[in-house]
Amino acid sequence: MTPQPVPSRAELLAALQLQYDWGVDEVLSEETIDRLSDVPRSLPARVDALHARPALPREVPSPAPVSPGVEQARDLPSLIRASETLDDLFLARTATHRLKPVFVEAARFMLIGETPDADEDRSGELFAGRAGELLDRMLATAGLERSVLSMAPAVPWRPPGGRGVTDQEMRSCRPLLLKTIALCQPPFLVTMGVTPLRLLLGDQAMLNRLRGKWTEIRIPELDAPVALLPMRHPLQLAASPAARRNAWQDLLVLMERLSAENTELNKS
């Protein structure tokens with residue numbers, strides 16, 4: 001019998017990372033475990049995440065130096081014009097279209113997307129193609145349509161060939177995203193994918209650990225902290241059943257907050 005090659009350490013780590021990215025959080029055990037024996041006879045008191053004592057707001061990572069045009073922008077059109085003249089953003093010269101933020105008056109929240117894919121780059125529209133179809137299904141589950149939401153791209157331009165965005169490009173695009181949020185002043189934020197999460201929480205932010213949990217962040221030019229809910233990007237739902245299960249759990253968290261806000265509005 002021909003001996004099988006022994007995987008290298010790098011290959012083993014890559015395989016473990018792949019399993020982690022797919023949502024695997026436990027392994028099979030050779031021993032039979034009686035899960036029912038661990039269930040308490042009485043259910044613990046439910047902790048309402050919406051009224052639990054919040055953690056201290058997290059500071060957004062320091063952005064790259066802001067150009068005068070971006071800093072002085074007073075609305076989205078002027079911000080877009082200012083971003084078109086930035087010399088340090090090579091992406092702006094290679095992409096087919098710039099994804100523009102969408103502001104909706106009295107929007108329920110702001111949705112922040114990923115780095116543009118090929119469909120978004122061709123059309124110049126946020127969440128175009130397959131991603132848009134999946135997003136519409138997700139929003140419909142929560143009784144929403146994208147027409148009632150403000151939206152923004154994490155990075156307005158698609159990198160050449162669809163490569164990953166570099167750390168320098170993320171730092172250069174961070175002021176644009178922060179200014180967009182400041183101009184729109186959304187009630188809270190929902191990020192989809194790892195890029196917007198890292199733009200707002202830092203390069204070490206991990207989607208698998210933070211998704212589905214509310215975090216408050218401080219945005220420059222806004223007086224009060226803004227709540228943030230990280231979620232998976234719609235195109236990630238095909239990765240595994242665990243990814244789809246995670247998306248549903250996150251939607252329940254979002255729906256709970258929207259329901260609580262509706263109740264408060266009805267009381268007032």
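The exercises below work through the sheet and the aromatic cluster of this predicted model.

**Exercise 1. Work out in which order the strands of the open sheet lie, and which strands form its edges.**

Solution. The open sheet has 6 strands, and reading across it gives the order S1-S5-S6-S4-S2-S3, with mixed pairing. Strands of a sheet pair through backbone hydrogen bonds, either parallel or antiparallel. The next step is to look at the ends of the order, where strand S1 (58–59) and strand S3 (150–153) each pair on one side only and are therefore the edge strands.

**Exercise 2. Describe how strand S4 is joined to strand S6, and state which strands helix H8 touches.**

Solution. Strand S4, residues 188–192, and strand S6, residues 226–231, run parallel and are joined by 5 bridges. Within this pairing, Leu189 has Leu228 of S6 as its bridge partner. Helix H8, which spans residues 194–201, packs on the sheet and touches S1, strand S2 (110–113), S4, strand S5 (215–218) and S6. The direction of helix H8 makes about 130° with that of S4.

**Exercise 3. Classify the aromatic pairs in which Phe188 takes part, and say which parts of the chain each pair ties together.**

Solution. The count of aromatic pairs comes to 2. For Phe109 and Phe188, the ring centres are 5.1 Å apart and the planes stand at 20°, and because planes under 30 degrees apart count as stacked, this pair is stacked. Phe109 lies in the loop between helix H4 (91–94) and S2, while Phe188 lies in strand S4, so the pair ties together parts that are 79 residues apart in sequence. Turning to Phe188 and Trp214, the distance is 5.2 Å centre to centre with 85° between the planes, and this pair is edge-to-face, since the angle is over 60 degrees. Trp214 sits in the loop between helix H9 (207–210) and S5, so its pairing with Phe188 in strand S4 ties together parts that are 26 residues apart in sequence. Taken together, the ring pairs link Phe109, Phe188 and Trp214 into a cluster.

Terms used: Residues numbered from 1 in each chain as written. Predicted model: local features only at pLDDT ≥ 70, side-chain atom pairs only at ≥ 80, totals over all residues. Heavy atoms only, no water. Pairing = 2+ DSSP bridges. Helix = DSSP H or I, 4+ residues; strand = E, 2+ residues; numbered from the N terminus. Contact = heavy atoms within 4.5 Å. Axes fitted to C-alpha atoms, helices over the stretch in contact; angles between N-to-C directions. Phe/Tyr/Trp six-rings, centres within 6.5 Å; stacked < 30°, edge-to-face > 60°.
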